[in-house]
Amino acid sequence: MAAAVSLISASAQEAKYKWDVGVAAGMSGYIGDANGGFPFRHPGAAVSVLGRYNFNTRLALRAQAGLQTISGNTADMDNVLPGNAQYKFNTSVFDFGVKGEFNFFPYGIGETYKRLRRCTPYATVGIGVAVGGSKGNRAAAFALPLGVGVKYKLSERCNLGAEWAFTKTFSDKIDSKELTDLYLIKSSFIKNTDWLSTLTVSITYEFGERCEVCNRKD
C-alpha cells in the first residue's frame with residue numbers, strides 16, 4: 001500500500017493551489033431497521049461545507065461537516081416485525097469526517113505536456129462521527145464514509161463535483177431509539193447498524209497558490 005501511494009505521488013504533478021473550500025447539497029437516504037432496500041426510498045435533503053488540502057494533482061485530504069434528514073417506515077418493508085409492530089421516523093443527522101481522495105487522472109488546467117485532465121473520476125474513504133436520533137434521544141457513533149465521484153474544472157480555480165457516498169455508522173440508534181433491535185437481535189460493532197447515503201453536487205474555490213519558481217535571498 002505504501003509503495004502504491006509513493007508511486008502515485010511520484011507520478012503526480014504538484015497542484016497549483018494548496019487549498020479549496022466550498023459547499024455541497026443534494027439528496028440523502030438511509031438503510032436500517034425501517035428501510036432495508038433502496039436507500040433513497042424516502043429521500044431527504046443533505047447540505048455540507050468542505051475544505052480540501054491538495055497534496056498534488058492526484059491526492060488530497062478533505063474535511064467535511066454536514067447535516068442531512070433521513071426517514072423510514074417499516075410498513076414499506078416485506079419483513080414482518082415481532083408482534084406485527086409498525087414504526088416510522090423522521091430525523092436529522094449531523095456528521096463530520098476527514099477523508100482521503102484519489103483522483104484517477106492528474107487533475108487541473110495547464111500546459112499540454114503536464115497531461116492534466118480538466119475532468120476526473122475519484123474515490124474517497126475516511127473516518128468520521130455521526131450524531132442522530134429522534135424524540136430527544138440523540139446518539140453519537142463512529143462512522144466510516146466512502147464514496148465515488150467526478151470533478152470538473154469550470155475555470156482554473158473553480159471546481160464542480162458530483163458524488164455518491166455511503167457512510168457506515170457503528171450504531172443502531174442513529175435513526176431512532178425505538179428502532180433499536182427490532183428483531184430482538186443485539187447489534188454489535190459491525191452488524192445490525194445504520195447506513196447513510198448522499199447524492200450531492202458541490203462547488204469549490206481554490207486559493208493558496210504555490211510558488212513554482214522561488215528566488216529567495218537570505
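In the predicted model, the charged end of R117 sits over the ring of F105, at 4.1 Å from the ring centre. A charge is taken to sit over a ring if NZ of Lys or CZ of Arg is within 6 Å of the ring centre and within 35 degrees of the ring normal. The model is predicted, and local features therefore need pLDDT of at least 70, side-chain atom pairs count only at pLDDT 80 or more, and totals for chains, interfaces and linings use all residues. Residues are numbered from 1 along each chain as its sequence is written, and side-chain values use heavy atoms, with hydrogens and water left out.

Aromatic pairs were searched for in the whole structure, and eight were found. Rings of Phe, Tyr and Trp (the six-membered ring of the latter) pair if their centres lie within 6.5 Å; planes under 30 degrees apart count as stacked, over 60 as edge-to-face and the rest as tilted. The rings of F38 and F40 have centres 5.7 Å apart and planes at 70°, so this pair is edge-to-face. F38 is exposed, with a relative accessible area of 52%, whereas F40 is buried, with a value of 10%. Buried denotes under 20% relative accessible area, exposed over 50%, and partly exposed the range in between (1.4 Å probe, protein chains only).

The rings of F166 and W195 also form an edge-to-face pair, because their centres are 6.2 Å apart and their planes stand at 75°. This pair links distant parts of the chain, with F166 in strand β7 and W195 in strand β8, 29 residues apart. F166 counts as partly exposed at 21% relative accessibility, and W195 counts as partly exposed at 29%.

The protein contains one helix and eight strands, arranged along the sequence in the pattern α-β-β-β-β-β-β-β-β. These elements are DSSP runs numbered from the N terminus (helices: H or I, at least four residues; strands: E, at least two). The eight strands close into a barrel in the order β1-β2-β3-β4-β5-β6-β7-β8, with antiparallel pairing. Neighbouring strands of this sheet are turned by 25° against each other on average, direction ignored.

Two strands are regarded as paired if DSSP finds at least two bridges between them. Strand β8 pairs in the antiparallel sense with β1 (residues 17-31) over 14 bridges and with β7 (residues 158-169) over eleven bridges. S202 in β8 takes part in both pairings: A24 stands opposite S202, and S202 is also the bridge partner of G161.

Strand β8 also holds T198, which counts as buried at 15% relative accessibility. Not counting residues up to four places away in sequence, T198 touches M27, S28, F40, A46, Q68, E163, W164 and A165. A contact requires heavy atoms within 4.5 Å.

T180 lies in the loop between β7 and β8 and counts as buried at 19% relative accessibility. With residues up to four places away in sequence not counted, T180 touches D172 and K173. The C-alpha atoms of T180 and T193 are 9.1 Å apart in space, at a sequence separation of 13 residues.

C211 is found in the segment after β8 (195-209). With a relative accessible area of 44%, C211 is partly exposed. C211 and K16 are 195 residues apart in sequence, and their C-alpha atoms are 8.2 Å apart in space.

For the protein as a whole, 41% of the 218 residues count as buried. Among contacts with a separation of 6 or more, 67% are accounted for by residues 24 or more positions apart. The protein exposes about 12,000 Å², of which carbon and sulfur atoms supply 62%. Accessible areas come from the Shrake-Rupley method with a 1.4 Å probe; for residues, only the protein chains shown count as cover.

Conventions
Axes are lines fitted to C-alpha atoms, for helices over the stretch in contact, and angles run from 0 to 180 degrees between N-to-C directions.
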